Amino acid sequence: MLTPTEIEEFVENGFVRVAGAVPADIADRCLAELWEATGRDRDDPTTWTEPVIRLGGFATPPFRAAANAPVLHEAFDQLVGPGRWRAPGGLGTFPVRFPSDQEPGDDGWHVEASFAGEAGDYRLNLRSRGRALLMLFLFSEVGPDDAPTRIRVGSHRDVPPLLADAGDAGREWFELCRDAVVASEGRPEVTATGRTGDVFLCHPFLVHAAQPHRGTVPRFMAQPPLEPTAPLDLDAASPSPVARPVVEALGRAAG
Ligand SMILES: O=C(O)CCC(=O)C(=O)O
């Protein structure tokens, strides 16, 4: 269970870390599969030749167990609301980052897109169709030099005004990101450091970025969405912790 303080932290800052959410034996099994999928040798750094490899679509039993750890289900209920999220079928893409002097080329600030438009373009809308949370699952120890994801604290509050007039169709992802990055420029920055098994539950509008790996231990992290069963309810008398900062950022009264 998240404490009331942790829930308020999520509302204020846009994220909360659930320490040790994935049991160690499950995380170990996931990591073994991930190493296998990289095609690189875990014990031979000369095989770690690229700064980043993206692995996709892991849904074997250990990944499903990781994504559905009981402590996470409890937190989903607390942040998104009972009955308002779908149990994840696994963990999505993994940007695996290796120590490297080369630039990764994918470390720009952004928010995640959440649905595809009619033309197949990536989009977001105010009620966050398609994404109840952004989640960062750590499958390696991530220290300050190990390419922890950068986070602009409180930046989830900069995005709702940019989507307020766009209706259900929302805005095209790239164009929205350009504005969100400018709007959140002055926000303090922290990094998603932690231990294997920690999970950061993030607001879907949080502005974040990758960074180059300057450490020694390859970084394994998944960043799946939590899918909602319905769009955010911004008119509820008591909005969920995901909806509340959106309502507040628009200057609307709850209910
Ligand atoms: O690798 C990371 O730290 C973040 C990656 C990311 O945000 C993305 O690929 O969308």
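The model is predicted. The secondary structure of the chain comes to seven helices and 13 strands. Its radius of gyration is 18 Å, close to the 18 Å from the globule rule for 255 residues, so the chain is as compact as a globular protein of that length.

**Overall dimensions and packing**

- The C-alpha trace spans about 55 × 35 × 35 Å along its principal axes.
- Of the 255 residues in the chain, 44% are buried.
- Take the contacts between residues at least 6 apart in sequence: 85% of them join residues at least 24 apart.

**Ligand shell**

- Five names surround the ligand: Pro-95, Thr-149, His-208, Ala-210 and Gln-223.
- By class, this shell holds two nonpolar and three polar residues. It has no charged residues.

**Sheet β9-β7-β11**

- Three strands make up this open sheet, in the order β9-β7-β11. The pairing is antiparallel.
- The edges are β9 (189–191) and β11 (208–209), and each pairs on one side only.
- β7 covers residues 150–152 and pairs with β11 over two bridges, in the antiparallel sense.
- Arg-150 has Ala-209 of β11 as its bridge partner.

**Sheet β4-β5-β8**

- This open sheet also has three strands, in the order β4-β5-β8, with antiparallel pairing.
- β4 and β8 each have a single partner strand, so one side of each is left without a neighbour in the sheet.
- β5 and β8 run antiparallel and are joined by two bridges.

**Strand β1 and its partner**

- Strands of a sheet pair through backbone hydrogen bonds, either parallel or antiparallel.
- β1 (residues 15–18) and β10 (residues 199–202) pair in the antiparallel sense, over four bridges.
- Arg-17 stands opposite Phe-200 in β10.
- β1 is covered on both faces. Phe-15 and Arg-17 are buried on one side, and Val-16 and Val-18 are buried on the other.

**Helix α6**

- α6 spans residues 173–183, and its buried residues include Trp-173, Leu-176, Cys-177 and Ala-180.
- Seen down the helix axis, the buried residues of α6 fall within an arc of 105°, so they line one face.
- An α-helix has 3.6 residues a turn, so residues three or four places apart point the same way.
- Phe-174, Glu-175 and Val-182 are exposed on the other side of α6.
- The cover over the buried residues of α6 includes β5, α5 (160–163) and β8 (171–172).

**Val-111, a buried loop residue**

- Val-111 lies in the loop between β3 and β4 (115–116).
- Val-111 counts as buried because it has 27 C-beta neighbours inside 10 Å, and the cut-off is 20 or more.
- Leaving aside neighbours within four places in sequence, Val-111 is in contact with Leu-124, Val-159, Cys-177, Ala-180, Phe-205, Leu-206 and Val-207.
- Two of these contacts, Cys-177 and Ala-180, are among the buried residues of α6.
- Val-111 and Ser-155 are 44 residues apart in sequence. Their C-alpha atoms are 9.5 Å apart in space.

**Gly-83, an exposed loop residue**

- Gly-83 is placed in the loop between α4 (70–79) and β3 (94–97).
- With 8 C-beta neighbours inside 10 Å, Gly-83 counts as exposed, because the limit for that class is 12 or fewer.
- Gly-83 and Thr-229 are 146 residues apart in sequence and 7.3 Å apart in space, C-alpha to C-alpha.

- Ser-128 is not a glycine, but its phi is positive, at about 50°.
- Ser-128 sits in the loop between β5 (122–124) and β6 (133–138).
- Ser-128 counts as buried, with 27 C-beta neighbours inside 10 Å.
- Ala-147 also has a positive phi, of about 60°, although it is not a glycine.
- The loop between β6 and β7 holds Ala-147.
- Ala-147 is buried, with 31 other C-beta atoms within 10 Å.

How values were computed:
Residues are numbered from 1 along each chain as its sequence is written. This is a predicted model: local features need pLDDT of at least 70, side-chain atom pairs count only at pLDDT 80 or more; totals for chains, interfaces and linings use all residues. Two strands pair if DSSP finds at least two bridges between them. A residue is near a molecule or strand if its C-beta atom, placed from the backbone, lies within 6 Å of it. Ala, Val, Leu, Ile, Met, Phe, Trp, Tyr, Cys and Pro count as nonpolar, Asp, Glu, Lys and Arg as charged, and the others, Gly among them, as polar. The radius of gyration is taken over C-alpha atoms; the globule rule is 2.2 Å times the number of residues to the power 0.38. Two residues are in contact if their C-beta atoms, placed from the backbone, lie within 7 Å. The arc is that of the directions from the helix axis to the C-beta atoms.
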